[in-house]
Amino acid sequence: ESNPAMALVGDEADSQHLLNEGRASLDGSDVENETKSSGDVLLTFKINNGFLYRCITTSAFGSLLLGFDLGIISGALIPLEDDLNLTRVQVEFVTSSIIFASIIGSLVAGVVADTLGRKIGLMMAAAIFFAGSLGMALSPNFDVLITWRVVTGIAVGMGLVICPIFCAELAPRRERGRLTSFNEMFINVGIPIAYLVGLTLRGIPNDWRWMLAAGAFPAMFLFVMTCLMPESPNYLLKQGKTAEARAIVERLVDESEDPQVKEAVVRQTLSEMKRDMNSNENMATWTEMFMAKENRAPLFIGLGFSILTQLPGIDSIIFYSVYTLSTYGVDEDLALKVTLAMGLLKLGFTILTAIFVDSGNVGRRLPVIVGGFVGVIAMGIMAVSAMYPHSATTEVLLIFGMLLFVSAFGLGYGPMCWLILAEIFQGPYRSKGMSLGSVVNRLGSFTIASTYLTLVSVLGFGGTFTLYMLIGIVSVSFAYAFVPDLTGKTMGV
């Protein structure tokens, strides 16, 4: 099955030249020449959906690993705490250690993606997550558990960086926003799957061990499917493997397309990739990442937005929803059902955003602003309800606020964070920019996960949610002032 999409070619004269010379061969110099003459005329072509979606879905499974761990630890936390006799601080550390370790994985991922390739990087992430899942399940005490949580976190960080890079580089421009948002979508697929696994296994002997061991299955699937997936054509071009890159781009165009149009699309796509790398085989150094004048704005916007998507408190809801509701007075069975509903709502709104993100009427900014604003309102509702003693009314308001907050995050910040990071950096800076963005994003997540129980013990639920609401106001204000909309445009600002 195929669908029409748009590919950028040169001006009208160049487009006619490309069509007339549709069967011409392409070498490195041809790519360079086409780079110099590209313009803004759009040429319609048919996408090979089967090949494209198989590749994108496989790579997005790397993000599912994070979603699965987010969901499974929520269900495993209470029996794990009882079995290992953990303190409040140890519970926070078990929850947040994987996030802190993912920072290491994020930094490693940029180097791996640039040196060994996107495909090898995903395979490494899958193998490490597989080993970490089994290690956590077999842990006899707190120290061993933390060690394997760190190992698993490295795999999570690698997947978070490499998946959106691969998606952004393979996807046709007019499909790029929707397909790159698969990264967040699969995080949200992993969360309800993990909740269901947790509900199914809850109550059996060693239930928390079986829950953590279940993470080995999606990791194994990712490894096998990645073996069958091609490498990113951008990476192949960087390695000087133009023929291999060309073969992959050709597979993106449906076989039913006119041969001359297909050749024009392939030539221009490769030329655009070459331009994206600034005709430079070498990626930017870390010094250039921070000092290059052309990268200052992307760095400020990318890193600022990355951390401000986390600090309004999304992980306090994802990790501690059962704890929060049951401590406030909500029945634990109802709390588990609310958690599952949150996962499904988050997934549903992420899919909704993915459908409309490439529309000129929606784009990137609108979901971010609307989602951020609604998130502030939702956190305010939670704060007000939690300031009063438990009652039927406050219980409903607290649950409603939680459901509204995760829905708003799924609509805006969740999918848009990774898409904006993947688009905002120019070619030589992209891998390291994604790594840095993931690092600060995970730092924000770690800050929330490692301090939530402590904040609640000091400020109470109402005070903690009020603090998150104020941070949310700062976050949406930053997005309104600085985040650009790159819908249908060349990557990089």
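## Helices H18 and H19

In this predicted model, the axes of helix H18 (residues 365–386) and helix H19 (residues 392–411) come within 8 Å and cross at roughly 160 degrees. Axes here are lines fitted to C-alpha atoms, for helices over the stretch in contact, and angles run from 0 to 180 degrees between N-to-C directions; helices (H or I, at least four residues) are DSSP runs, numbered from the N terminus. H18 and H19 are therefore roughly antiparallel to each other, a term used for angles over 145 degrees. The crossing is left-handed, which is to say that the near helix is turned anticlockwise from the far one by less than a right angle.

On the H18 side the contact (heavy atoms within 4.5 Å) includes Pro367, Val370 and Gly371, and on the H19 side the residues include Thr394, Leu397 and Leu398. By class, this contact of H18 with H19 has 15 nonpolar, five polar and no charged residues, where Ala, Val, Leu, Ile, Met, Phe, Trp, Tyr, Cys and Pro count as nonpolar, Asp, Glu, Lys and Arg as charged, and the others, Gly among them, as polar.

## Helices H8 and H17

Helix H8 (residues 182–201) and helix H17 (residues 332–356) have axes that come within 9 Å and cross at roughly 160 degrees, and that makes H8 roughly antiparallel to H17. H8 passes H17 in a left-handed crossing. Among the residues that meet are Glu184, Met185 and Tyr195 in H8 and Leu336, Lys346 and Ala354 in H17, and the residues of this contact of H8 with H17 divide into 13 nonpolar, four polar and two charged.

H8 itself has 20 residues and reaches 28 Å from its first C-alpha to its last, close to the 28 Å expected at 1.5 Å a residue, the expected span being 1.5 Å times one less than the number of residues. Just after H8 comes Gly203, which takes a positive phi of about 100 degrees.

## Helices H15 and H21

Helix H15 (residues 296–308) packs with helix H21 (residues 427–482) at an angle of about 155 degrees, and their axes are 3 Å apart. H15 and H21 are therefore roughly antiparallel to each other, and their crossing is left-handed. The contact is made by residues including Leu299, Phe300 and Gly304 of H15 and Leu436, Asn441 and Phe482 of H21; by class, the contact of H15 with H21 has 12 nonpolar, six polar and no charged residues.

## Helix H4

The 28 residues of helix H4 (residues 88–115) should span 40 Å at 1.5 Å a residue, and its end C-alpha atoms are 42 Å apart, which agrees. H4 is followed by Gly117, whose phi is positive, near 105 degrees.

## Notes on the model

Residues are numbered from 1 along each chain as its sequence is written, and side-chain values use heavy atoms, with hydrogens and water left out. Because the model is predicted, local features need pLDDT of at least 70 and side-chain atom pairs count only at pLDDT 80 or more, whereas totals for chains, interfaces and linings use all residues.

Methods
Helices (H or I, at least four residues) and strands (E, at least two) are DSSP runs, numbered from the N terminus. Angles under 35 degrees count as roughly parallel, over 145 as roughly antiparallel, 65 to 115 as roughly perpendicular and the rest as oblique.
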